[in-house]
Each structure stands twice: as structure tokens, then as C-alpha cells.
Amino acid sequence: MAIEPNYLKRRDLDSLRAVEAAFTSGPLAEALETAPDIERRTDLTHEEFDAEYRAKGRPVVLEGYAANWPSVRDWTFDNLAERCGDVPVVVDSYSSAAAKKTTFAEFVTLLKESAGTGAAPIYLQEWYYKTTAPELAEDMPELDIAQYDFRRSLYGDAASTNHQLWLGQQGGITRLHQDSYSVDVLHAQIVGEKLWYVMGPDAELLPGPDGELDVRALLDSPATRLTRFVLKPGDVLYLPAWWFHRIVLLSDSIGLGRKALDEANLRLHVRQRIGELLALALNPEELKVTHSELFDVVMARGRALAHQMDIDLSRLRQ
């Protein structure tokens with residue numbers, strides 16, 4: 001199996017730790033302090049968004065675009081626990097060692113009890129709430145700028161809205177990554193604030209002649225296009241497919257991850273989806289090695305898609 005030379009694209013645990021270390025000390029950490037802000041717009045029309053950003057593959061923050069959502073106005077961790085406290089969730093699913101099955105109410109209790117203790121921040125990642133708490137959907141209206149999402153034609157209406165909620169404690173981190181399946185990211189911030197670090201899709205972090213990661217070459221390359229910015233409640237981020245991003249929770253936070261597939265990326269999306277499903281079916285042990293921290297997450301994504309498409313997984317050979 002060929003080894004991916006770009007450390008930013010690797011998913012083995014050692015490589016993830018090496019990239020994370022570069023963000024916390026050394027030249028990259030220093031560069032982040034003075035990295036430019038992302039472009040921001042207010043009162044952007046659907047037509048302007050399509051012409052100026054989506055068509056050109058340019059990231060942008062739409063300030064206050066979701067400010068009138070009921071979720072942005074009214075949600076707290078406590079009132080969500082009252083509404084869907086018995087719903088099962090998996091906390092810290094991005095860590096094979098820390099992942100824990102619990103209920104939403106217990107997750108909120110854990111979050112409160114661990115605050116200020118110095119323990120690792122608690123994070124509920126990729127909660128496919130429409131499969132377990134669909135009543136929450138009415139508080140997050142569909143984004144008009146996301147209606148180009150080709151997944152509706154590919155998988156059907158239900159599967160095209162398998163959005164995810166991300167709920168976490170101050171200090172929580174989502175490590176640098178590109179989103180899977182060649183989809184655009186549209187992230188709506190609902191509660192709290194998140195600090196985002198973003199790099200262009202062609203950014204490369206390679207070993208230098210001495211075998212150490214050449215962070216200076218990463219920073220000197222025009223392809224890196226490093227930016228940093230804060231998302232506040234009501235803001236919506238548009239990040240085109242394949243852009244790298246790393247996220248730090250500045251406070252206890254709730255955000256909606258809403259993906260969209262541009263038809264221009266359809267062929268690659270299908271190849272990636274089929275490749276992942278075949279790997280799960282035919283060679284899951286290899287996938288556990290290459291995606292050691294994310295294997296259970298990949299499985300959960302497949303189950304969520306099957307649920308939305310009314311595919312009976314119990315009929316498949318175990």
C-alpha cells in the first residue's frame with residue numbers, strides 16, 4: 001500500500017500527532033498568531049454567493065446569516081437536555097480510547113461536572129440528530145445557498161439532509177483534516193464561539209532532507225493560504241471541498257455541520273463513497289490500521305446514510 005507523502009492527509013495516529021504538535025509549537029504556531037482573517041460578508045444574496053464564492057471556490061464567512069434561526073435565539077445545553085435527554089449518543093467518538101456511549105442528558109451532566117477540573121474537554125462529534133432527534137430540525141431551517149447540493153438527486157431527499165451537530169466543551173479541538181467525500185462545508189455556529197484555522201486544498205507538509213517535517217516550506221508556499229478566524233452565533237462558513245481546517249472551541253459550543261455536494265465534484269464523490277464502502281465490506285481490518293482513530297466514525301457515517309436511504313442493514317451478511 002502506497003504511503004501518503006503529505007502529512008496533512010494522513011490518518012494514522014502518529015501522523016495526526018505530528019501535525020497537531022506543529023500547531024502547538026514552532027514556526028507554524030507562531031505564524032498562526034498573525035495569520036490573516038477570512039473574507040467576511042453581510043447581506044449577501046444567493047446570486048452573489050453563487051457568482052463570487054461558489055463558482056470561484058473562495059471561502060467566506062456570512063456574518064449573521066443564521067441569526068434568526070430558533071436554535072441561535074433559544075438553544076442552551078440545558079434546554080436541549082430537557083428536549084432529548086434520553087437520546088443515545090457517542091461522546092468523544094474521534095478518540096478510540098475515550099469514546100463512550102451515553103445519553104444526551106448524561107453528556108450534558110458530564111460536561112458540567114468536568115468544567116474547570118483540568119480534564120480533557122468533552123466533545124459530541126458528528127451527531128446525526130435527524131436519525132435520533134428529528135424534532136430538532138425545525139429549529140435549523142434549510143440554507144437557501146445550499147440548495148445546489150447534488151446529494152438530493154443522488155441519494156434522495158432524506159439522505160441529502162443528514163446534517164450533523166457538533167457540541168463540545170471549551171478547549172475542545174477538531175484536528176486538521178479535509179472533509180470526506182469531496183463535499184463543500186457550510187457550518188452554522190449556534191451557541192458559543194469557535195476559532196478556525198484554514199489552509200488551501202493544495203497545502204503540503206512533507207519531510208525535509210533531515211527527515212523532520214518541513215514546516216517552513218509549508219508556510220512559504222503560496223498554496224498554503226493560511227487564515228484564522230472566529231465564528232460567532234449566527235455566522236455561516238462556506239468552505240469549498242478539500243480545504244483543510246482545524247477548530248478550537250473558545251467556549252462551550254454548538255454548531256451545525258451542513259455539507260453540500262457540487263455537481264462538479266460528483267464523479268470523485270462517488271468514487272470515494274464506493275471505495276470506502278468496499279473497504280468496509282471487504283477489508284475492514286486494513287481500514288482499522290489506516291483510520292485507527294476514525295474507524296467507528298466511518299462506520300457510523302455508513303449506518304446513518306443507510307438509515308436515511310431506508311436500506312435494511314440487517315439483511316446484509318455479517
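A: A helix here is a DSSP run of H or I of at least four residues, and helices are numbered from the N terminus. With this meaning in hand, the lining can be described element by element. The model is a predicted one.

The protein has 318 residues, of which 49% are buried. Its secondary structure consists of twelve helices and 13 strands. One cavity of 30 Å³ or more is counted, and the largest cavity has a volume of about 40 Å³.

The residues that line the largest cavity are Y7, L8, R10, R11, L16, V19, E20, R175 and L176. Helix 1, which spans 13–24, and strand 7, which spans 173–177, each provide at least two residues of this lining. Helix 1 gives the largest share, namely three residues. In terms of residue class, the lining holds five nonpolar and four charged residues, and no polar ones.

In soluble globular proteins, nonpolar side chains tend to be buried together. The largest nonpolar core in this model has 42 residues, and the members that touch the most other members are F104, F107, W127, L136, L165 and L167. W127 illustrates how such a residue is surrounded: apart from neighbours within four places in sequence, W127 is in contact with C84, V87, V89, F104, T132, A133, L136, H163, Q164, L165 and L167. There is also a second, separate core of 19 residues, which includes A22, A35, Y197 and A203.

Not counting residues up to four places away in sequence, A35 touches L226, T227 and R228. A35 and R228 are 193 residues apart along the chain, yet their C-alpha atoms are separated by 5.9 Å.

R258 and L186 form another pair of this kind, being 72 residues apart in sequence and 5.1 Å apart in space from C-alpha to C-alpha. R258 belongs to strand 13, residues 253–260, and counts as buried because its relative accessibility is 2%. For the protein as a whole, 78% of the contacts between residues at least 6 apart in sequence join residues at least 24 apart.

Two loop residues complete the picture. D43, in the loop between strand 1 and helix 3 (46–54), has a positive phi near 55 degrees although it is not glycine. D43 has a relative accessible area of 74% and is therefore exposed. R225, in the loop between helix 9 (215–220) and strand 10 (227–231), likewise is a residue other than glycine with a positive phi, near 50 degrees. At 45% relative accessible area, R225 is partly exposed.

Notes:
Residues are numbered from 1 along each chain as its sequence is written. This is a predicted model: local features need pLDDT of at least 70, side-chain atom pairs count only at pLDDT 80 or more; totals for chains, interfaces and linings use all residues. Side-chain values use heavy atoms; hydrogens and water are left out. Buried means under 20% relative accessible area, exposed over 50%, partly exposed in between (1.4 Å probe, protein chains only). Contact means heavy atoms within 4.5 Å. On a 1 Å grid over the protein atoms alone, a cavity is a set of points where a 1.4 Å probe fits but cannot get out, and a pocket is an open set with protein on both sides within 12 Å along at least five of seven lines; lining residues have an atom within 4 Å of a point. Grid points are joined across faces, edges and corners, and a volume is the space filled by probe spheres set on the points. Ala, Val, Leu, Ile, Met, Phe, Trp, Tyr, Cys and Pro count as nonpolar, Asp, Glu, Lys and Arg as charged, and the others, Gly among them, as polar. A nonpolar core is a set of buried Ala, Val, Leu, Ile, Met, Phe, Trp, Tyr and Cys residues joined through side-chain atoms within 4.5 Å.
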